[in-house]
Amino acid sequence: MARGFPYDDLKDFLAALERAGELRRVGVPVDPTLEMSEVVTRTVRAGGPALLFERPTRGEMPVAVNLFGTEKRMAMALGVERLDEIGERIGEMLKPELPQGFAGMMGGLGKVMQLKSMPPKKVRTAPCQQVVYRGDDVDLNRLPGLQVWPGDGGIFHNFGLTHTKHPETGKRNLGLYRLQQHGRNTLGMHWQIHKNSTAHHAVAERLGQRLPVAVAIGADPAVAYAASAPLPADIDEYLFAGFLRGERVEMVDCLTVPLQVPAHAQVVLEGYLEPGERLPEGPFGDHTGFYTPVEPFPVLHIEAMTTQRDPVYHSIVTSQPPQEDHGLGKATERIFAPLLRFLIPDIVDYDLPAAGVFHNCAIVSIRKRYPKHAQKVMNAIWGAHMMSLTKLIVIVDEDCDVHDYNEVAFRAFGNVDYARDLLLTEGPVDHLDHASYQQFWGGKAGVDATRKLPTEGYTRGWPEEMRMSPEVVSLVDKRWQEYGIR
């Protein structure tokens with residue numbers, strides 16, 4: 001477990017990164033308009049450290065960026081050596097067998113204690129409310145929001161954790177959405193059609209009610225990750241954050257809206273959406289590598305802004321991969337692997353390539369047992385929650401390492417008869433997908449790159465793949481130094 005985990009807040013995590021040599025302070029003035037983005041992009045692509053810009057030329061607080069840009073830092077953020085450790089914990093909790101014997105009972109008790117640690121804990125006072133601005137004192141220009149790309153529609157706040165409640169059920173949602181700064185106290189809410197907050201807003205509008213909203217910036221890393229995780233609608237993000245932390249998340253009531261926020265956030269914005277109100281939002285250079293177009297989105301009117309004393313502002317830069325959000329995506333891939341295997345037991349492993357920007361491609365290995373097994377798995381994936389947005393699925397045999405793209409390409413390029421092994425269909429795609437001819441839905445493809453069976457109509461006899469004998473591999477391993485090859 002990472003030293004100091006769970007972290008009290010963002011500043012605590014930054015201190016841990018600095019101790020580990022994973023943080024660099026930038027002490028010279030840097031402009032949050034474009035200049036900061038270029039510095040971050042070069043750093044990410046060089047595999048460089050997290051950055052703390054101590055003297056932004058706009059705003060009143062330092063800017064922390066690239067906190068999750070490598071698997072090492074993502075693992076540190078969640079308190080593990082390997083991201084798979086969290087998935088393994090989830091896998092253990094999914095096992096249906098009853099405990100047997102004393103050791104089994106103790107293991108079961110441990111699981112119960114884990115579950116008891118999950119629900120958030122309400123506190124009366126909180127660091128996030130040490131400084132309070134209300135009414136005319138609210139000024140978003142205190143925040144060093146970024147303009148990341150020249151064609152962006154203005155300043156955006158890119159790591160705001162957005163809280164809403166379903167107006168009828170009271171069910172909470174925590175989501176991560178970009179926020180365009182329209183004015184001193186207004187923000188554009190870019191929540192996409194598939195998101196739970198969109199459903200909350202639709203109900204509020206149907207009822208003719210304002211929708212209360214609270215945005216937290218600079219939460220501890222487990223909460224920050226939980227906001228981005230593709231959880232089913234009935235799983236509270238703060239329960240999941242508590243599971244990741246192994247400790248309950250402290251929450252505090254907002255001052256002006258009936259919502260709770262993480263007590264140790266750096267900045268909180270409280271306000272409401274008027275029913276029926278929309279303003280143009282965008283363009284925005286997104287993680288797809290392209291600008292998303294201007295569209296009408298709801299407007300958040302901010303009535304209060306609260307902060308810690310000496311707060312740190314957290315943001316992220318989005319662009320064509322590789323970029324920092326790959327670390328978040330890789331965490332999701334590994335953490336949710338057991339859940340995907342629980343839903344679809346045919347799956348051995350899967351990989352979401354960074355170049356696929358989360359939804360464009362999934363590589364999946366299976367233990368093939370019957371004709372058209374690969375096509376069955378493709379359809380199951382397209383029916384599995386947010387995996388439904390996947391545009392391309394490549395299915396390989398279990399002996400293929402899905403994380404070795406050369407090996408995957410070898411199978412996909414060589415094992416496929418595209419007249420028989422390509423499955424084409426249509427379905428929902430990501431809100432940001434620019435290639436689909438109709439917004440929100442489009443074409444999808446599944447590629448069966450597995451060995452073909454006689455029962456699938458393949459009658460030629462699948463050839464044997466060349467492998468060196470283990471004895472020769474062992475011999476050459478032992479003699480390698482003798483050969484003098486460097």
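**Terms and values**

Reader: What makes H166 count as buried?

Author: H166 has a relative accessible area of 18%. Buried means under 20% relative accessible area, exposed means over 50%, and partly exposed is in between (1.4 Å probe, protein chains only). So H166 is buried.

Reader: What kind of model is this, and how are residues numbered?

Author: This is a predicted model, numbered from 1 along each chain as its sequence is written; local features need pLDDT of at least 70, and side-chain atom pairs count only at pLDDT 80 or more, while totals for chains, interfaces and linings use all residues. Side-chain values use heavy atoms, with hydrogens and water left out.

Reader: Where is H166, and what does H166 touch?

Author: H166 sits in the loop between β6 (156-165) and β7 (172-181). Helices (H or I, at least four residues) and strands (E, at least two) are DSSP runs, numbered from the N terminus. Not counting residues up to four places away in sequence, H166 touches K171, H200 and V203. Contact means heavy atoms within 4.5 Å.

Reader: Is V63 buried or exposed?

Author: V63 is buried, because its relative accessible area is 0%. V63 belongs to strand β3 (residues 63-65). Leaving aside neighbours within four places in sequence, its contacts are M36, L51, L52, F53, P56, P144 and Y313. V63 and L52 are 11 residues apart along the chain, and their C-alpha atoms are separated by 5.6 Å.

Reader: Why is α7 called oblique to α8?

Author: The axes of helix α7 (residues 221-228) and helix α8 (residues 237-245) cross at roughly 135° and come within 9 Å. That angle makes α7 oblique to α8. Angles under 35 degrees count as roughly parallel, over 145 as roughly antiparallel, 65 to 115 as roughly perpendicular and the rest as oblique. Axes are lines fitted to C-alpha atoms, for helices over the stretch in contact, and angles run from 0 to 180 degrees between N-to-C directions.

Reader: Which residues meet there, and how do they divide by type?

Author: From α7 come A222, V223, Y225 and A226; from α8 come E237, Y238, F240, A241, L244 and R245. The residues of this contact divide into eight nonpolar, no polar and two charged. Ala, Val, Leu, Ile, Met, Phe, Trp, Tyr, Cys and Pro count as nonpolar, Asp, Glu, Lys and Arg as charged, and the others, Gly among them, as polar.

Reader: Why do L34 and F440 count as partly exposed?

Author: L34 counts as partly exposed because its relative accessibility is 32%. F440 counts as partly exposed because its value is 24%. L34 lies in the loop between β1 (23-26) and α2 (35-45), and F440 in the loop between β22 and β23.

Reader: What is phi for L34 and F440?

Author: Phi of L34 is near 75°, a positive value in a residue other than glycine. F440 is not a glycine either, and its phi is positive at about 85°.

Reader: Which residues of α11 are buried, and what do they pack against?

Author: In helix α11 (residues 373-381), the buried residues are H373, A374, Q375, V377, M378 and I381. They pack against β19 (347-351), β20 (361-366), β21 (392-397), β22 (422-428) and β23 (441-448).

Reader: Which residues does a cis peptide bond join?

Author: G282 and P283, with omega about -5°. P283 is in the loop between β13 (279-281) and β14 (284-285).
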